[in-house]
Amino acid sequence: MTNFATILDSLEKTPRPTERDAGPVRPPPMGTLLREKAAPSPLSQEDRAARISRAYGADPAIPQEPPPAPPQPKAARLPEREEVLVELLRAEGSIAKLGALRRRLAWACHPDRQEKLRARQAERLLAEFNAQIDQAVARANARAARR
């Protein structure tokens, strides 16, 4: 017989008590004790407001002024035609510079970035600038093809 088998045999032969010791007695949970004592009395609106104010660190006796309104985002300034034409002349011949100019103008003139009153104007300017940039890109491509 192996060592393990002898251990199992000795365990089976030893008498076991029918009832086990349950261990130390645990007290009931705290919530149970508190509920049994007395039901809380209903609170008035003022008491509830005072408790909530204390919990959040505010004094209900001192009137709280409303927080300042967040600053309104500034509408993007529409670029002047002359400024764009000067930049277009500087970027003439370079497709990369023309692409960067197109992205900057799209950002500045996008109708969603403008106030409602200026959205139409921004849309027209953006269409006009895009057409001018398209013509400049076509000229740059034609020059590159001739070389």
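This is a predicted model: local features need pLDDT of at least 70, side-chain atom pairs count only at pLDDT 80 or more; totals for chains, interfaces and linings use all residues.
Let me begin with helix H4, residues 81-91, and helix H6, residues 116-146, whose axes come within 11 Å and cross at roughly 20°. Because angles under 35 degrees count as roughly parallel, H4 is roughly parallel to H6. On the H4 side the contact is made by Arg81, Val84, Leu85 and Leu88, while H6 contributes Leu125, Glu128, Phe129, Gln132, Ile133 and Ala136. If we sort these residues by class, the contact of H4 with H6 has seven nonpolar, one polar and two charged residues. As for handedness, H4 passes H6 in a right-handed crossing.

Now we turn to helix H5, residues 95-109, which packs with H6 at an angle of about 175°, the two axes being 10 Å apart. H5 and H6 are therefore roughly antiparallel to each other. From H5, the residues that meet H6 are Ile95, Leu98, Leu101, Arg102, Leu105, Ala106 and Cys109, and among their partners in H6 are Ala122, Leu126, Phe129, Ile133 and Val137. Taken by class, the contact of H5 with H6 divides into 13 nonpolar, two polar and three charged residues.

Finally, what about the aromatic rings? The structure holds zero aromatic pairs, but the ring of tryptophan 107 does have the charged end of arginine 113 sitting over it, 4.0 Å from the ring's centre.

Terms used:
Residues are numbered from 1 along each chain as its sequence is written. Side-chain values use heavy atoms; hydrogens and water are left out. Rings of Phe, Tyr and Trp (its six-membered ring) pair if their centres lie within 6.5 Å; planes under 30 degrees apart count as stacked, over 60 as edge-to-face and the rest as tilted. A charge sits over a ring if NZ of Lys or CZ of Arg is within 6 Å of the ring centre and within 35 degrees of the ring normal. Axes are lines fitted to C-alpha atoms, for helices over the stretch in contact, and angles run from 0 to 180 degrees between N-to-C directions. Helices (H or I, at least four residues) and strands (E, at least two) are DSSP runs, numbered from the N terminus. Angles under 35 degrees count as roughly parallel, over 145 as roughly antiparallel, 65 to 115 as roughly perpendicular and the rest as oblique. A crossing is left-handed if the near helix is turned anticlockwise from the far one by less than a right angle, and right-handed if clockwise. Contact means heavy atoms within 4.5 Å. Ala, Val, Leu, Ile, Met, Phe, Trp, Tyr, Cys and Pro count as nonpolar, Asp, Glu, Lys and Arg as charged, and the others, Gly among them, as polar.
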